[in-house]
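Me: Hi! Could you walk me through this one while I have it open on my screen?

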Amino acid sequence: APAVSQWVASARLLARDAIAASTLADERKRLEGVGWYKCWLRFALAGALAESAAAQGATYDITAVFDELVVDTHPFTGSPRACDLYAIQSLITKSLRRALRLLHTRDEWQRAIAAVSEARSGTATQLDREDSGPISASSYFSVLLEHASTPVASPLVVQTLEQELVNEEKGGTYYSNHAAYRLRLARLHAQISNRPRAIEHWRAASVFLLGYGFRKDIALFDVI
């Protein structure tokens, strides 16, 4: 993880230097190959260049940046495999957060959210119905919740995260996971001042949290 973190930081620094353009072009060629890890590295590099362009008031194609995320979403190809990227989940989340801040139009938001959603679902793996993958549910919700109050993005964010809840509950998981999803959506609707919907999700989360306890779990005594 430290080496990858240093690579991302170096890419962002070099992207601000016009003299380093050829170096970054060579690095882009080196990142060709199979696997989602390579996709994400290309995404991070393209995002660094877009950040630099935005800072200079130049034009940039942000949708092309997000397109890199969906070139290869198979969880078990490449080295390292997408299912083995737990150690850099925080770096992946930060890169998504930075790129989302460069979006402006509804079309850009629509395409970016679709790309992140496809990358998340395509690279995800499950063991006994527990969420896993390079873009975790927590990361997915957190980067989108940041823009819940952004006028051009808000309707898309709400629609996307509500659909994520439908998909999760359709497949079934542990009550604690159901509760986590509901609480995230309660926070979403609280942010956009939709109090009735926020309360609805909060109450549903409460039911799930009290549905059952784990072995020797004494949390119920706090309620009693």
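Me: Let's start with A153. What does A153 touch, not counting residues up to four places away in sequence?

Reply: A153 touches W109 and H147 once those sequence neighbours are left out. Just so you know, this is a predicted model.

Me: Got it. Where is A153 found, and is it buried or exposed?

Reply: A153 is found in the loop between α7 and α8. A153 is buried, with a relative accessible area of 0%, and the cut-off for buried is under 20%.

Me: And how far is A153 from S10?

Reply: C-alpha to C-alpha, A153 and S10 are 30 Å apart in space, and 143 residues separate them in sequence.

Me: What about S154, where is its place and what does S154 touch?

Reply: S154 has its place in helix α8. Leaving out residues up to four places away in sequence, S154 touches H147, A148 and I192. S154 is buried too, with a relative accessible area of 14%.

Me: Which residues make the contact?

Reply: From α7 there are Y140, F141, L144 and L145, and from α8 there are V157, T160, L161 and E164. By class, the contact of α7 with α8 has 6 nonpolar, 1 polar and 1 charged residues.

Me: Those numbers come in steps. Why would residues three or four places apart point the same way?

Reply: An α-helix has 3.6 residues a turn, so residues spaced three or four places apart end up pointing the same way.

Me: Nice. And at what angle do α8 and α9 pack?

Reply: α8 and α9 pack at about 165 degrees, with their axes 10 Å apart. That makes α8 roughly antiparallel to α9. The crossing of α8 and α9 is left-handed.

Me: Which residues in α8 and α9 meet?

Reply: α8 brings V157, V158, L161, E162, E164, L165, E168 and E169, while α9 brings H178, Y181, R182, L185, L188 and H189. By class, the contact of α8 with α9 divides into 7 nonpolar, 2 polar and 5 charged residues.

Me: Switching over to R97. Where is R97 found, and what does R97 touch?

Reply: R97 is found in helix α5. Apart from residues up to four places away in sequence, R97 touches S142, V143 and E146. R97 is partly exposed, with a relative accessible area of 22%. The C-alpha atoms of R97 and G172 are separated by 28 Å, and the two residues are 75 apart along the chain.

Me: Now the backbone. Which residues does a cis peptide bond join?

Reply: A cis peptide bond joins S79 and P80, with omega at about 0 degrees. P80 lies in the loop between α4 (62-67) and α5.

Me: I also wanted to ask about S193. What is the phi of S193?

Reply: Phi of S193 is near 65 degrees, which is a positive value in a residue other than glycine. S193 is found in the loop between α9 and α10 (195-209). S193 is exposed, with a relative accessible area of 65%.

Me: Last one, the whole chain. How many helices and strands does the protein chain have?

Reply: The secondary structure comes to 11 helices and 2 strands. Along the sequence the pattern is α-α-α-α-α-α-β-β-α-α-α-α-α. Of the 224 residues in the chain, 43% count as buried, and the C-alpha trace spans about 65 × 40 × 25 Å along its principal axes.

Conventions
Residues are numbered from 1 along each chain as its sequence is written. This is a predicted model: local features need pLDDT of at least 70, side-chain atom pairs count only at pLDDT 80 or more; totals for chains, interfaces and linings use all residues. Side-chain values use heavy atoms; hydrogens and water are left out. Contact means heavy atoms within 4.5 Å. Helices (H or I, at least four residues) and strands (E, at least two) are DSSP runs, numbered from the N terminus. Ala, Val, Leu, Ile, Met, Phe, Trp, Tyr, Cys and Pro count as nonpolar, Asp, Glu, Lys and Arg as charged, and the others, Gly among them, as polar. Buried means under 20% relative accessible area, exposed over 50%, partly exposed in between (1.4 Å probe, protein chains only). Axes are lines fitted to C-alpha atoms, for helices over the stretch in contact, and angles run from 0 to 180 degrees between N-to-C directions. Angles under 35 degrees count as roughly parallel, over 145 as roughly antiparallel, 65 to 115 as roughly perpendicular and the rest as oblique. A crossing is left-handed if the near helix is turned anticlockwise from the far one by less than a right angle, and right-handed if clockwise.
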